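The tour goes from the whole chain to a few selections.

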Amino acid sequence: MEEYTINSLLQKASELGASDVHLHVGEVPAFRINGNIMKSKLSPITDAYMEEAISTIIPDVLKEKIKNLQDADFPYEIKGISRFRVNVARAFGRPSMTIRLIPAEIPTFAKLGLPSNVENFTKFENGIVLVTGVTGSGKSTTIASILDYINQTKRKHIITIEDPIEYIYTSQKSIFTQRQVGVDTKDFVDGLKYALRQDPDIILVGEIRDMETVRNALHAAETGHLVFSTLHTFNAIQTFHRILGFFPPSEREAVRHQLAEVYRGSISQRLLPNAENNGRVCAVEILQPTSTIKDFFIKDELEEIYKLVSKGSYNGMITFNNSLYNLFKEGKITQETALEYSDDTNELKNLIRGAYTGSESFYRNSL
């Protein structure tokens, strides 16, 4: 069978348009293409190959640590090909790798298929904006697109705290300070704390994972900074539940008031197969708080928020079902795909049947 090095394998993955590469000892390399796992016809990976591959791409700073670590994340780059986010793990005591391909160029909102009103999130001077979705839904790329738009249009100091660093920004009107957890700073909590002493306008926190990260992100937003971060949640309502769930019950009311003051909105997204089944498109839920929505949040009446937004589009807000309906109406996805990815198929069927004709004016009047 064909011989291959880790670099030639990653180059092949780039040529195939893969989003991820999966490497396990005893199995052939596999690629994720258009959301599906495709096994290659290459020879199975041996222990010796895996050891050599890890040694080739792992940063020097981790070469000794990896002997005692069960998991490690780090970036890798092949000039002129792509950047990669690498995870080294163990399965049945043997090392495995999952490698995410990161495009060399940061795509625009239009290229990502995001609604034009995503640009609204670049206009805030302070507060917190959350981009949510499952692993592989394109959260990092959406944030990169937002930050790059700001980079082209505003004079800001943008600090990113990532694990690991994914997109590399070239300073244009703005300047960037990019810090990697475990290399440039201890963790997200420390990175956020010290970022406030580095004269930032905008801070990207790669992921919110715990209560202390939430506390520091809220503090940064309250002190006049614009904070972007991600969460592994499906929608805005689940995002609120997750954030509040980090805190003990005795603190949640205070956190609701605090978050209501600084929350500037969220983008929740999912990637789904296009109508031709040869690529993927992005369905998004966008929530930007109005006074009514803030009031529901403070009162802990989160389900009322969805009921309000689902009546129709208002102020650029959109539910997943509205997004799925629009993609179907534009011929970008099939009806079967729209229904498969919907959280409320009955509601979506009604949308498709035209049951909500004229609801926009009702929705607008209800706020």
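The model is a predicted one.

**Stop 1**

Most residues other than glycine have a negative phi. N34 counts as partly exposed, because its relative accessibility is 32% and that class lies between 20% and 50%.

Next select N277, in the loop between β12 (263-273) and β13 (280-287). N277 is not a glycine, yet has a positive phi of about 60 degrees. Is N277 buried or exposed? At 56% relative accessibility, N277 counts as exposed.

**Stop 2: the whole chain**

Zoom out and colour by secondary structure. The protein chain has 15 helices and 13 strands. Its radius of gyration is 22 Å, close to the 21 Å that the globule rule gives for 367 residues, so the chain is as compact as a globular protein of that length. The C-alpha trace spans about 65 × 50 × 40 Å along its principal axes.

Of the 367 residues, 49% count as buried. Among contacts with a separation of 6 or more, 58% are between residues 24 or more positions apart.

**Stop 3: F109**

Select F109 in helix α4 (residues 109-112). F109 has a relative accessible area of 10% and is therefore buried. Which residues does F109 touch, not counting those up to four places away in sequence? They are L114, V118, E119, T122, S145, I146 and Y149. Pick out S145 from that list: F109 and S145 are 36 residues apart in sequence, and their C-alpha atoms are 6.5 Å apart in space.

**Stop 4: I202**

Move to strand β10 (residues 202-205) and select I202. I202 counts as buried, at 4% relative accessibility. Leaving aside neighbours within four places in sequence, I202 is in contact with L147, I150, K156, H157, I158, I159, L226 and F228.

**Stop 5**

Select D163 and P164 and look at the backbone between them. The peptide bond from D163 to P164 is cis, with omega near -5 degrees. Most peptide bonds are trans. P164 lies in the loop between β8 (157-162) and β9 (175-180).

**Stop 6: two helices**

Finish with helix α10 (residues 291-298) and helix α11 (residues 302-309). Two packed helices are described by the angle between their axes and the distance between the axes. The axes of α10 and α11 come within 7 Å and cross at roughly 155 degrees. Angles over 145 degrees count as roughly antiparallel, and α10 and α11 are therefore roughly antiparallel to each other.

Show the side chains at the contact. From α10, select T292, I293, F296 and F297; they meet L302, E304, I305, L308 and V309 in α11. The residues of this contact divide into 7 nonpolar, 1 polar and 1 charged.

Technical notes: Residues are numbered from 1 along each chain as its sequence is written. This is a predicted model: local features need pLDDT of at least 70, side-chain atom pairs count only at pLDDT 80 or more; totals for chains, interfaces and linings use all residues. Side-chain values use heavy atoms; hydrogens and water are left out. Axes are lines fitted to C-alpha atoms, for helices over the stretch in contact, and angles run from 0 to 180 degrees between N-to-C directions. Helices (H or I, at least four residues) and strands (E, at least two) are DSSP runs, numbered from the N terminus. Angles under 35 degrees count as roughly parallel, over 145 as roughly antiparallel, 65 to 115 as roughly perpendicular and the rest as oblique. Contact means heavy atoms within 4.5 Å. Ala, Val, Leu, Ile, Met, Phe, Trp, Tyr, Cys and Pro count as nonpolar, Asp, Glu, Lys and Arg as charged, and the others, Gly among them, as polar. The radius of gyration is taken over C-alpha atoms; the globule rule is 2.2 Å times the number of residues to the power 0.38. Buried means under 20% relative accessible area, exposed over 50%, partly exposed in between (1.4 Å probe, protein chains only).
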